[in-house]
Amino acid sequence: MNPWDEISGANAGYVLELYERYQSDPGSVDDETRAAFRTWTPPPATAAAPAAAAAPSDLNAAIAAVTLAESIRRYGHLAAALDPIGFNRPVGDPSLHPQSHGLTTDTLKALPASIIGGPVAAGAANAFEAIERLRAIYCATSGHDFAQVFVPDERVWLREAVEARRFRPPTDPIESRELLDRITQVEVFERFLQRTFPGKTRFSIEGLDLMIPVLDEIIADAAASGVKHVLIAMAHRGRLNVLAHVMRKPYPQILAEFKDPLFSRSSRIDLGWMGDVKYHAGARVEHPDRPQTLVISMPPNPSHLEAVDPLLVGMARAAATSTSTPGAPVLKPQEVLGILIHGDAAFPGQGIVAETLNLSRLTGWNVGGTIHIIANNQLGFTADPHESFSTSYASGLARGFKIPIVHVNADDPVACIEAARLSWAYRQRFQLDFLIDLVGYRRHGHNEGDEPAFTQPQLYQRVSEHPTVRRQYAEALVASGAVPATLPDELVAKHGAAMEAAYAGLKPEEHYVPEVPVVPPSGAAARVDTAVPLDRLVALNDALSQVPAGFTVHKKLERGRERKKAMLATPDEPTIDWSAAEELALASTLADGIPVRFTGEDAERGTFSHRHAVLHDAVTGDKHVPLQALPQAKAAFEIHNSALSELAVLGFELGYNLQEPKRLVLWEAQYGDFINGAQTILDEYLMSGRAKWGMAPSVVLLLPHGYEGQGPDHSSARVERFLQLAADTNVRIVNCTTAAQYFHVLRRQALLLDTDPLPLIILTPKSLLRHPMVASPARELAEGRFQKVIDDVVTAKAPSKVKRLVLCSGKVFVDLVSSEARKNDTSVAIARVEQLYPFPAEQVRGLCERYGKLKEVCWVQEEPENMGGWDFVRGELERLIDGRWPLRYVGRVRNSSPSEGSAAWHQVNQRALVAQAFEDKADVPDATRVVAKQV
């Protein structure tokens with residue numbers, strides 16, 4: 001029988017509408033619907049009965065019954081018994097009761113079941129019986145929350161699947177013995193840890209034990225459908241149990257971590273290796289016992305509970321993306337599944353969740369659907385739900401993103417397994433997110449040393465008396481005769497013995513061996529050859545200049561494009577501007593076979609209209625991406641304008657980078673200041689990921705930086721914060737002042753992805769993007785390399801005249817060398833520190849010693865004294881100067897705000913600091929918010 005024959009009522013009307021669309025255009029419906037319609041014909045229309053027309057009272061009753069049925073479908077979840085311990089009663093809704101619609105039991109019994117529609121009407125004696133079936137589905141221990149799903153295809157499919165009980169026994173059987181065995185394993189593990197390591201923090205899964213079988217079911221269904229890689233991210237609650245039973249982390253290793261042995265041999269002072277607590281750890285496992293090897297990964301997660309969310313989906317995007325061929329990358333979402341496990345207080349409470357959900361349907365960030373599970377223990381540490389969120393449910397945020405939600409009682413194994421099966425089936429069919437709100441409780445406090453009765457005494461009186469889900473399920477199976485009465489105790493004994501055996505044979509120093517980061521080869525960055533021969537540059541530039549036949553470039557871009565075509569004709573003239581250097585660096589990287597992903601806020605055009613990586617036909621609006629049409633390319637290129645988010649987007653790009661470290665991944669902020677919005681990702685992952693977890697991120701951040709009088713929020717990329725977190729060679733931070741430097745540092749980053757990967761922070765220019773002093777000759781791209789320090793080309797010719805060495809970084813160099821004071825003063829050498837970290841101490845020392853009559857070393861910066869590079873470079877300079885020369889600071893005074901809000905005052909202060917860089921006096925009074933002082 002074709003299942004479409006079982007659909008009736010309003011749903012039947014929709015099916016007939018789909019069938020009409022199929023008949024006129026088979027391509028207008030999806031593959032599964034098209035296959036069903038090939039063997040289906042609509043049932044004949046029921047002939048009108050010759051009897052007299054229905055009485056108005058009968059018609060009103062029928063309408064009321066249909067309205068009641070739709071209310072149950074829409075609001076039934078409000079009456080569902082979701083709380084296992086019954087402490088939080090369902091709120092219900094008047095529309096769920098027949099009386100609210102003027103109906104009685106007798107009235108409903110007098111109406112045919114067919115008016116209720118859907119699978120529940122099949123075989124029902126009357127409307128009353130059909131309504132009761134609906135109530136058993138929508139108001140029992142599962143709350144199906146689908147009203148926010150506006151697409152009819154999705155909503156009809158969801159309702160049909162739920163009402164037909166497609167994913168429940170007997171339609172889809174459950175191996176009850178296996179499920180009991182699994183729940184027993186979960187419980188015994190937690191109780192063994194509680195007994196063996198009293199007081200040790202583990203964030204027990206107890207009260208949400210069925211999370212493990214839910215994950216089992218989703219993963220098994222995904223693997224059976226051809227998924228090759230499952231990625232799971234979660235915070236603390238239940239993490240150890242997931243690591244043990246889903247990720248197959250050996251018991252001895254987990255037990256050894258509880259012993260917390262001290263390993264002198266694992267200490268890596270050179271890398272600052274510090275490790276992390278056991279319930280933050282990640283893991284990776286391969287399951288070769290399936291038709292195809294299935295990889296399951298879990299990234300580490302810090303105590304910023306939801307910080308991992310965008311990383312996980314970024315990792316899923318990378319794993320699902322093929323970049324081995326030129327052009328745009330190919331997304332294969334059917335091969336990868338991401339699962340995010342959230343906390344019930346964190347899901348609505350932390351904004352990174354909303355930012356991550358917003359990415360789910362965007363072109364450059366789509367992963368073909370993520371399955372979300374809220375581990376809902378109905379408490380946030382000590383806070384009750386009404387103190388944690390303003391929505392009706394912890395999951396309320398997801399409704400705004402049209403995500404279907406199933407709220408399910410975590411003490412009902414059948415309902416939980418059904419939710420798991422439904423989530424995968426929906427994700428597989430529609431390639432969209434799905435959310436399971438797994439509503440349980442927390443058997444202990446927030447951690448095992450916490451006393452929950454201090455703040456929830458009544459609740460925890462109930463918890464202490466409440467039987468575990470294992471006990472409830474075992475008693476139900478024994479009572480039904482499904483298992484012998486002895487089996488539950490036998491399973492407890494079996495799993496207890498496995499834990500005891502693992503503990504008895506425990507050798508902590510053998511079973512717990514931390515994975516320590518590998519030291520990159522010394523000097524790899526200095527040795528890499530980033531130059532690209534001139535003839536190759538010419539060929540790349542010619543190819544980048546081409547557009548498809550009939551493509552109309554905007555007339556305002558034509559002049560610049562024509563100039564670009566000829567810029568390599570005179571290789572010794574400074575014709576290469578910033579954007580040209582970037583495009584050639586990326587093109588040559590693609591030609592080397594290294595894929596590139598470039599995203600950011602307005603990255604396609606560039607905030608300052610300097611990039612135009614995506615051309616738009618001025619007539620048709622069609623797009624052309626020159627780097628995707630590059631004939632020399634051996635790998636894929638993609639560029640996307642990102643959502644106006646820093647936290648989630650940067651987390652996503654970092655996750656993408658960590659999953660596929662051999663791809664060059666760049667993210668650009670609209671203004672460098674906006675990196676503030678991503679501070680959690682910077683602190684928890686980018687800068688400390690290697691020290692805590694052995695990560696090797698190599699993402700590139702392009703942060704426009706420089707003081708041009710645009711105010712506090714458009715001046716500083718907060719380099720001081722990166723420098724504060726810089727240690728043990730965990731990052732490279734550069735502030736390039738020429739196009740050639742930018743070219744070489746991008747090439748260096750790409751070529752070091754294999755051998756010496758590090759994050760790269762580039763402070764990029766704004767007003768200098770088109771400044772002639774930033775332009776470089778093509779010869780420097782073809783024959784040069786990145787210079788960490790650039791000497792003064794003028795004073796280097798007569799070093800004996802130099803009395804003061806001015807060190808600076810970035811845009812302030814242009815202000816200094818183009819000033820009037822510079823023209824008349826040959827005693828001041830102005831050198832650029834292009835790489836701030838790792839600090840080029842040897843190069844700076846050599847620079848100082850080159851000027852034999854040096855009297856003073858001076859650091860000049862635009863930023864306030866407590867910002868910019870000064871706090872960091874001061875210690876470095878004092879060490880290498882070692883008292884041989886006085887050290888002087890010139891810059892803005894300490895301030896709580898990065899810059900002036902007035903362009904006029906900016907100019908005054910900028911002129912003052914430039915003048916003081918050349919001033920003879922060592923100390924200048926603070927008259928204009930600028931200070932010069934010896935330190």
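**Aromatic pairs.** I looked up ring contacts in this predicted model and found that the structure holds 16 aromatic pairs, where rings of Phe, Tyr and Trp (its six-membered ring) pair if their centres lie within 6.5 Å, and planes under 30 degrees apart count as stacked, over 60 as edge-to-face and the rest as tilted. The rings of Phe197 and Phe258 are stacked, because their centres are 4.8 Å apart and their planes stand at 15°. This pair links distant parts of the chain, 61 residues apart, with Phe197 in the loop between helix H7 (176–196) and helix H8 (211–224) and Phe258 in helix H10 (residues 251–259); helices (H or I, at least four residues) and strands (E, at least two) are DSSP runs, numbered from the N terminus.

I then checked burial, where buried means under 20% relative accessible area, exposed over 50%, and partly exposed in between (1.4 Å probe, protein chains only). Phe197 counts as buried at 7% relative accessibility, and Phe258 is buried at 2%.

Tyr837 and Phe872 form an edge-to-face pair, 5.9 Å centre to centre with 65° between the planes. Tyr837 lies in strand S24 (residues 835–837) and Phe872 in helix H33, so this pair ties together parts that are 35 residues apart in sequence. I also noted one aromatic cluster formed by Trp157, Tyr426, Phe430 and Phe434.

**Helix H32.** I asked which residues of helix H32 (residues 841–850) are buried, and they are Val844, Leu847 and Cys848. Seen down the axis of H32, these buried residues fall within an arc of 100°, so they line one face of the helix; the arc is that of the directions from the helix axis to the C-beta atoms. What covers them includes strand S22 (804–808), strand S25 (856–864) and helix H33 (870–881), with contact meaning heavy atoms within 4.5 Å.

**The second largest pocket.** I read off a volume of about 720 Å³ for the second largest pocket. Of the 28 residues that line this pocket, the closest to its centre are Gly560, Arg563, Lys564, Asp577 and Ser579. A pocket is an open set of points on a 1 Å grid over the protein atoms alone, where a 1.4 Å probe fits, with protein on both sides within 12 Å along at least five of seven lines, and lining residues have an atom within 4 Å of a point. The volume is the space filled by probe spheres set on the points, which are joined across faces, edges and corners. H22 gives the most to the lining, with seven residues.

**Notes on the numbers.** Residues are numbered from 1 along each chain as its sequence is written. Local features need pLDDT of at least 70, side-chain atom pairs count only at pLDDT 80 or more, and totals for chains, interfaces and linings use all residues, while side-chain values use heavy atoms, with hydrogens and water left out.
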